[in-house]
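Student: I would like to learn how to read a structure feature by feature. Could you take me through one?

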Amino acid sequence: MSKPISEKPPYRAVITGYGSFAPEKTLTNEELAKIVDTSDEWITTRTGIKVRHIAAEDESTAFLATEAAKIALAQANLNAADVELIIVATITPEMVFPSTASFVQRSLGAKHAWVFDLEAACSGFIFGLSVVQQFIESGRHKNALLIGAETLSKITDWADRKSCILFGDGAGAIVLERGDNKGSGVIYSTMHSDGDCWEALNCQAYGSRHPANKPLDDPKKTYMQINGRQVYQQAIRRIVETVTNCLEHCNLTIDDISMMISHQMNARIIESASKRLNMPSEKVFVNIGDYGNTSAASVPIAFDECVRNGKIKRGDIIILVAFGAGLTWGANIIEF
Ligand code: UT7
């Protein structure tokens with residue numbers, strides 16, 4: 001006779017280490033205004049961004065990812081050789097193949113891990129967390145290293161003022177380890193996609209539609225292209241919907257949540273979504289001013305800063321939420 005399916009998984013995925021890393025070089029709004037027709041005032045009021053970090057020529061996505069991972073592993077007191085799984089969420093991989101995670105594994109000396117990249121744009125870290133959650137809750141793995149890392153500056157059209165003001169480079173990482181199902185850990189994850197709206201945000205060059213052996217019909221296809229207005233409206237709607245559904249599923253209210261850490265795509269989007277959710281501003285972490293939009297890296301960088309600034313503490317219930325290209329969106333509820 002088959003065993004009854006347990007309602008509650010036997011384990012929880014507990015965050016035991018966290019870290020982030022950004023390139024030293026920065027680009028302020030004032031500096032950008034010397035490159036394209038824009039101003040600090042326009043960028044600040046429309047996005048909340050003041051400065052972003054820009055990778056040097058020899059700073060690749062795997063380099064940033066490795067630096068963030070080293071900090072997270074040290075904090076978790078976990079040897080790289082004991083890591084069982086590494087996932088790198090990114091849309092700016094080291095190369096077409098092998099995966100960015102392969103390079104991170106090599107740099108860390110994580111000999112016993114199996115590794116892969118996850119491509120879900122700005123929702124990559126949220127999706128990755130749900131994957132790790134499954135492997136740890138099922139008992140298949142004792143630990144995992146999850147990284148969000150991007151060098152978006154390398155696919156930015158620095159002549160397009162509608163997009164170049166938005167993006168920046170960086171990486172964030174967390175270590176998750178197996179804990180019992182009574183204490184802290186990831187409580188619930190939800191993920192969604194809508195391929196019908198793929199054109200809203202894309203970078204088309206050198207995939208199978210535009211192979212490297214054929215001249216590009218439009219050289220701009222090597223860069224990110226965005227329909228800002230379309231993304232803006234959808235992002236607010238989906239964040240509100242996802243957070244509301246997550247809370248309902250977990251039988252929680254806004255009062256139970258200590259902090260919402262959203263993907264940092266635009267301070268106005270985060271503010272509008274929070275207002276619609278009736279989430280007080282002190283429960284909403286925003287650091288886009290210092291980084292711009294770092295896609296898959298933005299949630300783990302924000303998480304790292306939030307903890308280090310003492311804005312969340314062990315035992316707090318937090319919600320991570322993101323929206324991005326695909327389209328993709330999702331959220332994780334975590335008891336930290
Ligand atoms: O993580 C997912 C990826 N993130 C996104 O896709 C971002 C989502 N969207 C946004 O954050 C906003 O839509 C933007 C910040 C990109 C744009 O803000 P907006 O309020 O939606 O501006 P808009 O595109 O409607 O443009 C308004 C005006 C236009 O001028 P006209 O046609 O009204 O004369 C633009 O040409 O602002 C002009 N404009 C600028 N002016 C100065 C556009 N970009 C700039 C700029 N500086 N950088």
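Tutor: Let us start with a charge and a ring: Arg178 lies over the face of Tyr11, at 4.6 Å from the ring centre. Please keep in mind that this is a predicted model. A second case is Arg314, which lies over the face of Phe336 at 3.9 Å from the ring centre.

Student: How is a pair of aromatic rings described, and how many aromatic pairs does the count come to here?

Tutor: A pair of aromatic rings is described by the distance of the centres and the angle of the planes. In this structure the count comes to 7 aromatic pairs. One of them is formed by Tyr18 and Phe303, with 5.7 Å from centre to centre and 90° between the planes, which makes the pair edge-to-face. This pair links distant parts of the chain, since Tyr18 is in strand β1 (residues 11-21) and Phe303 is in helix α10 (residues 298-308), 285 residues apart.

Student: Are Tyr18 and Phe303 buried or exposed?

Tutor: Both Tyr18 and Phe303 are buried. The pair of Trp114 and Phe116 is stacked, because the ring centres are 5.4 Å apart and the planes stand at 25°, an angle under the 30 degrees that stacking requires. Trp114 counts as partly exposed at 38% relative accessibility, and Phe116 also counts as partly exposed, at 24%. Ring pairs also join Tyr18, Phe303 and Phe336 into a cluster, and Phe336 is the residue whose face lies under Arg314.

Student: What does the side chain of Asn143 contact?

Tutor: Asn143 lies in strand β6 (residues 143-151) and counts as buried, because its relative accessibility is 5%. A polar atom of its side chain lies 3.0 Å from the backbone oxygen of Asp82, and a polar side-chain atom of Asn143 lies 2.9 Å from the backbone nitrogen of Glu84.

Student: What should I look for in the backbone itself?

Tutor: Most residues other than glycine have a negative phi, and most peptide bonds are trans. Here the peptide bond from Phe97 to Pro98 is cis, with omega near 0°, and Pro98 is found in the loop between β4 (85-89) and α4 (100-108). The peptide bond from Gly326 to Leu327 is cis as well, with omega near -5°.

Student: Where is Ser295 found, and is it buried or exposed?

Tutor: Ser295, which has a positive phi of about 45° although it is not a glycine, is found in the loop between α9 (288-291) and α10. Ser295 is buried, with a relative accessible area of 2%.

Notes:
Residues are numbered from 1 along each chain as its sequence is written. This is a predicted model: local features need pLDDT of at least 70, side-chain atom pairs count only at pLDDT 80 or more; totals for chains, interfaces and linings use all residues. Side-chain values use heavy atoms; hydrogens and water are left out. Rings of Phe, Tyr and Trp (its six-membered ring) pair if their centres lie within 6.5 Å; planes under 30 degrees apart count as stacked, over 60 as edge-to-face and the rest as tilted. Helices (H or I, at least four residues) and strands (E, at least two) are DSSP runs, numbered from the N terminus. Buried means under 20% relative accessible area, exposed over 50%, partly exposed in between (1.4 Å probe, protein chains only). A charge sits over a ring if NZ of Lys or CZ of Arg is within 6 Å of the ring centre and within 35 degrees of the ring normal. A polar contact is a pair of N or O atoms within 3.5 Å; within protein, one must be able to donate a hydrogen and the other to accept it, and residues adjacent in sequence count only if both atoms are side-chain atoms.
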